[in-house]
Amino acid sequence: MNRFLIILFLIFPVFIFAQLKSPAEFLGYEIGTHFSRHADVVAYFEHVAENSSLVQYSDYGITNERRRLTYAIISSEENLKNIEKIRTDNLKNAGIISGNANPEKAIVWLSYNVHGNEASSSEAAMNTIYKLLTEHQDYLQNTVIIMDPGVNPDGRDRYVNWYNQVQAKPYNTSQDATEHKEPWPSGRPNHYLFDLNRDWMWASQVETQQRLKIYNQWMPHLHVDFHEQFINNPYYFAPGAEPYHEIITPWQRDFQHQIGKNNAKYFDENGWLYFTRESFDLLYPSYGDTYPMYMGAIGMTYEQAGHGMAGLGIMNDENIELTLVDRVAHHTTTGLSTIEVASKQAKTLNSEFGKFFQNDNLKFKSFVLKGNADKIKSLTEMLDRHDIKYGFADGGKVKGFSYSTSKNATIDAKDALVVSTNQPKGKMVQVLFEPTTSLSTPITYDITAWSLPYAFGLDGIASTSLVPANSTVKKSAVSNIASPNAAGYIAKWNSLQDATFLSELLKNNIKVRFSEKELGFNGNSFGRGSLIITRSDNKTNSEFDTKLIEIANRMERELYASPTSYADELTDFGSQYVHLIKNKKVAMLQGAGTSSLNYGALWHFFETQLKYPITSINTESVGRVKWSEYDVLILPEGNYNSILNDDNFKILEDWVSQGGNLIAIGNAVALFEGKKGFDLNKNASENDEEKEDEASDKNLIPYAEREMESTKDMITGSIFKVKLDNTHPLAFGYDDTYYSMKLGNKSYKFLEDGYNVGYIEGDAVSVSGFTGEHAKASLKNSIVFAQAKKGSGSVVYMVDDVSFRSFWQNGKLFLANAVFFVK
């Protein structure tokens, strides 16, 4: 009997193993010889979970195009039986939930295919889970592995479907072949054309929002983001490049080296090239490596040569064939190598992870913020997505560094939002709210400033003292009541939420006016841009009061019901300065020549935030559109010189002259520079002569110092102080100062005949981020926002991107103003 049991015990695992198919057996082709659709990847992970007691597989969400977002939990049978205890013990170790724990298991999270056309990684995910279960079960005793096989399914399938349509058989390795020329917008971004690898903190996209709910339930010790770079680079893995944010601990730095050395061991054995400590720095907080770092993990980016250009195989510039088979092998190797190190170092990982959340030594203790209630709410909603705690002050004076004056000041903290660093995620709070970020080098991969008070348009103090706060604030629910005898209703105009309210009214055929002047009715004051909804404009609408009140209460907009249209002073409802808002028909260019990222951010803004319809028009169709049917045209960031040739430019010029309103954003502004009738000229700084002298000596600068020298002309995402003429409709709802995110050194003179609405007067003032000395000097006396009149229409120039990655919240009202108010 005992002998029979022994034989059965030996045979049974073999039987179970026989049910688990390799990716090749399941898919019908060897991994790397075809690109798998997202549904195929999901199907394989479902197969693995059904045939292995070491895997739990679940959905965590759905994309805009209704593809499944999934994750697998892989560990030993014993660990999976106790998986909830392992998870909660880890949170106790971080202090996120109360209680004592002595966790022993390392938690490793592997994220694949955040950029859809970096498609080797989802193939590697299938390979990795199979090898983990069949060759490396010993790693699972000390580790829990969470695998997300497809962070960006919509982008992946956009790429894979295109490639499978155009691929030659056999594949063509020539760089000139169609299969290596991915069309606009490429498979890199998601449905709304966002770069999901830069959305971790801002969480503007549904993929990120849903993933964070699971991520923050686990808080892993290691997180790896699998990527691809261009075809001539070998493989990149940690350690990362400088600059490191100063919040990153010595232990986190050291462990990146441990991981890197283990990866290097396997790459050396196979004769594979790699590089470390170059290009990919650890500063910007919204990456798939930095976000985990600031949440206590060891965050890492792994970059394989390939990208959307590589296809199944391509000959690179060194005449070496780069194949998908090789790319998958490299990603599989680093994934398994990382788990191996985590398994061996599980005890130390837990110990150091717990230490990370001790925040006694942080410079700032509390960030105390005041401002528009809608903007405060937008900020707290973002903090909620990350389980970052906040409260509201009862009162008292608070001293600290002032965001508005860039020096020490005192504010009244009553009802102010307080976000303090004496919480488990205090280090992330420090990173997000610190006024300026320390840089060990200005050579970075991304922006160098993001301080949230500036991004959300709030004033406040960064205090080195802990400010007491309550967890909630008293707020009266908005409860408007219909006033059938009122001449009309007035609503304030201060935030994006006010603009969304206007959009909803227009879509419901409620006629609305806005005032160019300040208003006063029965002792109540209303600023420029305030909305006026009169009974006389809506007298044919039998449900006017009922519908208006329902919308206002649902959207939490307070209305003032005025019994008369006769103002306290000057501006009555019928004033020449009170204009009916037309239900504008808005078009926006997209396609070749435009920035897919900026177009996507604008598309997302109109569809999901302003909730106002737009018509996207491909750049190839400019000459065939009946433009007289449109009131507004938006040109996203892009290079329009090849798109808008002389004939097409003349078409748009005539449309503007006949009453059209054109909005040019970022590099699109350059299209009008120097053109007759558009009042736009390049700015020349006073130090151009000095720059010419330096340029004459450029060949004397040592080769190794040239890159650093070039930073003098760079602005790497810096925040600048901008003066606003808030009497102009483009700036309604703003104070007289705005903080703008500058991404480049383009500079234009003040308009001579038009309106200089937002501008830098005198020397440019950067409050946060790196700006080279030449670039900063070139911004002296330059426009940021302006309106040029042309015939019966106008062109709005937005030199800076007001919708940048959808996180620069305070800029979005400019877009609504430009659409609804500017003419």
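Predicted model: local features only at pLDDT ≥ 70, side-chain atom pairs only at ≥ 80, totals over all residues.
# Exercises on helix packing and local geometry

Helices are DSSP runs (H or I, at least four residues) and strands are DSSP runs (E, at least two), numbered from the N terminus. Residues are numbered from 1 along each chain as its sequence is written. Local features need pLDDT of at least 70, side-chain atom pairs count only at pLDDT 80 or more, totals for chains, interfaces and linings use all residues, and side-chain values use heavy atoms, with hydrogens and water left out.

**Exercise 1.** Classify the residues where α19 meets α24, and work out how the two helices are oriented.

*Solution.* Start with the classes: Ala, Val, Leu, Ile, Met, Phe, Trp, Tyr, Cys and Pro count as nonpolar, Asp, Glu, Lys and Arg as charged, and the others, Gly among them, as polar. The contact of α19 with α24 then has eight nonpolar residues, one polar and one charged. Next, take the axes, which are lines fitted to C-alpha atoms over the stretch in contact, with angles from 0 to 180 degrees between N-to-C directions. Helix α19 (residues 596–610) and helix α24 (residues 812–820) pack at about 85°, their axes 12 Å apart. Angles under 35 degrees count as roughly parallel, over 145 as roughly antiparallel, 65 to 115 as roughly perpendicular and the rest as oblique. Therefore α19 and α24 are roughly perpendicular to each other.

**Exercise 2.** Apply the steps to α9 and α12.

*Solution.* The axes of α9 (residues 250–270) and α12 (residues 324–344) come within 9 Å and cross at roughly 130°, so these helices are oblique to each other. From α9, the contact includes Phe255, Ile259 and Tyr266; from α12, it includes His330, Ser337 and Val341. By class, the residues of the contact of α9 with α12 are five nonpolar, seven polar and two charged.

**Exercise 3.** Now describe how α17 packs on α18.

*Solution.* Helix α17 (residues 496–507) and helix α18 (residues 544–554) have axes that come within 11 Å and cross at roughly 150°. That angle makes α17 roughly antiparallel to α18. Phe501, Glu504 and Leu505 of α17 make the contact with Leu548, Ile551, Ala552 and Arg554 of α18. Here the classes are five nonpolar, no polar and two charged residues.

**Exercise 4.** Which kind of aromatic pair do Tyr159 and Trp162 form?

*Solution.* Rings of Phe, Tyr and Trp (its six-membered ring) pair if their centres lie within 6.5 Å; planes under 30 degrees apart count as stacked, over 60 as edge-to-face and the rest as tilted. Tyr159 and Trp162 are 6.0 Å apart centre to centre with 45° between the planes, a tilted pair. Because they are three residues apart in helix α7 (residues 153–166), about one helical turn separates Tyr159 and Trp162.

Key:
Contact = heavy atoms within 4.5 Å.
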